[in-house]
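Thanks for making the time this morning. I would like to walk through one model with you, and I will ask you to keep the coordinates open while I talk.

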Amino acid sequence: MVKAVVLGAAGGIGQPLSLLLKANPNVTELSLYDIVNTPGVAADLSHIATPAKVVGYLPPDDGLKKALTGADIVVIPAGVPRKPGINAGIVRDLATGIATTAPKAFVLVISNPVNSTVPIVAEVFKQHGVFNPKKIFGVTTLDVVRASTFVAEILGDLGKAPSVVVPVVGGHSGVTIVPLLSQSSHPLPSGFAQDALEQLTNRIQFGGDEVVKAKDGAGSATLSMAYAGVEFANKIIRAVKGEKGLVAPTFVNLAADAAGGEALKKEIGSDLEYFSAPVELGAEGVVAIKSLGKISEYETKLIKAAVPELQTNIEKGVSFIGASKL
Ligand SMILES: NC(=O)c1ccc[n+]([C@@H]2O[C@H](COP(=O)([O-])OP(=O)(O)OC[C@H]3O[C@@H](n4cnc5c(N)ncnc54)[C@H](O)[C@@H]3O)[C@@H](O)[C@H]2O)c1
Ligand SMILES: O=C(O)C[C@H](O)C(=O)O
């Protein structure tokens, strides 16, 4: 029995994400919460012949509390694309709901800027005395998905895209996104030039801009994000159901695994509180934060460039909650 909850379920990401969660036969309950339209989305999805019982909730009559009651996994795609200030308040309020109603749930944060919204969730949980770093995750899977696709394109065979694995570490915005292309399961063609490598890295780091531009500024990635979000959520659901050895890059508080977190800080040469690293998942959340392994000189430089930006983003999230207390 797995209850999944989507907060922001009527949005561009929320709807296809809810559809894909409804398609997972291991989900037995699916609660959809948004400030608009969830009854319609829920009625529509409820006709799909899969096990999940789907219910839509709106803010009146304690809708958030009802949606969250008994949640095992909460996915948050609520917010407005490219409006960090607005999203900070939305995520703070939703995190307060989770901390008071479902503090033991796995929380998967999609709302941007992930480098700041994850610390926001963590700070709210700390205020409520329910912080468990093993269960709060920033979803960076879209960067991983993009890396697989773009590498397969370069190899001239999109058929390989599903099997190309490239760890992407750091954070989820611009230069904080660090693809470890030297570790690609499918190596780049021999003689792949440094400037081509830099172009590919840049394309992964700024893949979001490509979509925003193509949509004429009317929105950002929604369908690929829903695909990526469910790829990560489904891994969490498999871990909750007892599967072992599942590893995925995700943005976590490094206290989630004290020894692994300390070792990672040494590797990146910084005592950042949060970082996206390959994480082993288990029924109780983070089992281990993995080493980055052997990385190239170029990737070392990319990490160096990511650290100060990450530090600023993390501090912004932490201080947003500090300031809200005043
Ligand atoms: N992590 C990633 O890789 C990634 C990728 C793409 C987009 N995003 C982010 O995801 C978020 C959503 O993007 P979208 O394209 O789906 O936006 P959208 O505007 O299409 O949908 C957002 C939904 O959130 C709802 N919402 C707003 N305030 C709410 C609240 N207080 N409680 C519940 N729901 C609320 C809205 O009603 C809307 O249905 C944005 O912050 C965007 O930047 C993250
Ligand atoms: O770029 C955005 O605003 C959305 C998202 O973070 C993305 O990577 O596509």
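A word on conventions before the details. This is a predicted model, in which local features need pLDDT of at least 70 and side-chain atom pairs count only at pLDDT 80 or more, while totals for chains, interfaces and linings use all residues. Residues are numbered from 1 along each chain as its sequence is written, and chains are lettered from A and ligands numbered from 1 in the order in which they are written.

Let me start with the annotation. An unreviewed UniProt entry carries the domain annotation "Lactate/malate dehydrogenase N-terminal" for residues 3-138; UniProt positions are given in the numbering used here, feature names are shortened, and such annotations may be inferred rather than shown by experiment. That span is 41% helix and 19% strand, with its end C-alpha atoms 20 Å apart, where helices (H or I, at least four residues) and strands (E, at least two) are DSSP runs numbered from the N terminus.

Now to the ligands. Which residues come nearest to ligand 1? They are G11, G12, I13, G79 and N112, out of 32 residues around the ligand, a residue being near if its C-beta atom, placed from the backbone, lies within 6 Å. By class, this shell has 18 nonpolar, 12 polar and 2 charged residues, where Ala, Val, Leu, Ile, Met, Phe, Trp, Tyr, Cys and Pro count as nonpolar, Asp, Glu, Lys and Arg as charged, and the others, Gly among them, as polar. Because domain 1 (2-139) and domain 2 (140-321) both give residues to the shell, ligand 1 lies between them; the domain bounds come from an automatic or database domain assignment.

Around ligand 2 we find P81, R82, N112, L142, G207, G208, V211, S220 and A221, which by class are 4 nonpolar, 4 polar and 1 charged. Domain 1 and domain 2 each supply at least three residues to this shell, and helix α8 gives the largest share, with 3 residues.

For ligand 1, the helix that gives the most is α4, with 4 residues. Helix α4 has 18 residues, 84-101, and should span 26 Å at 1.5 Å a residue, which agrees with the 25 Å between its end C-alpha atoms; the expected span is 1.5 Å times one less than the number of residues. Several α4 residues are buried, including I90, V91, L94 and A99, meaning that 20 or more other C-beta atoms lie within 10 Å of their own, whereas 12 or fewer makes a residue exposed and anything in between partly exposed, with C-beta atoms placed from the backbone.

Finally, the backbone. Most residues other than glycine have a negative phi, and most peptide bonds are trans. Here a cis peptide bond, with omega about -5°, joins N112 and P113, and P113 lies in the loop between β5 (106-109) and α5. N37, in the loop between β2 (29-33) and α2 (38-46), has a positive phi of about 65°. D216, between α8 (207-214) and α9 (223-240), has phi near 55°, and it counts as exposed because it has 7 C-beta neighbours inside 10 Å.
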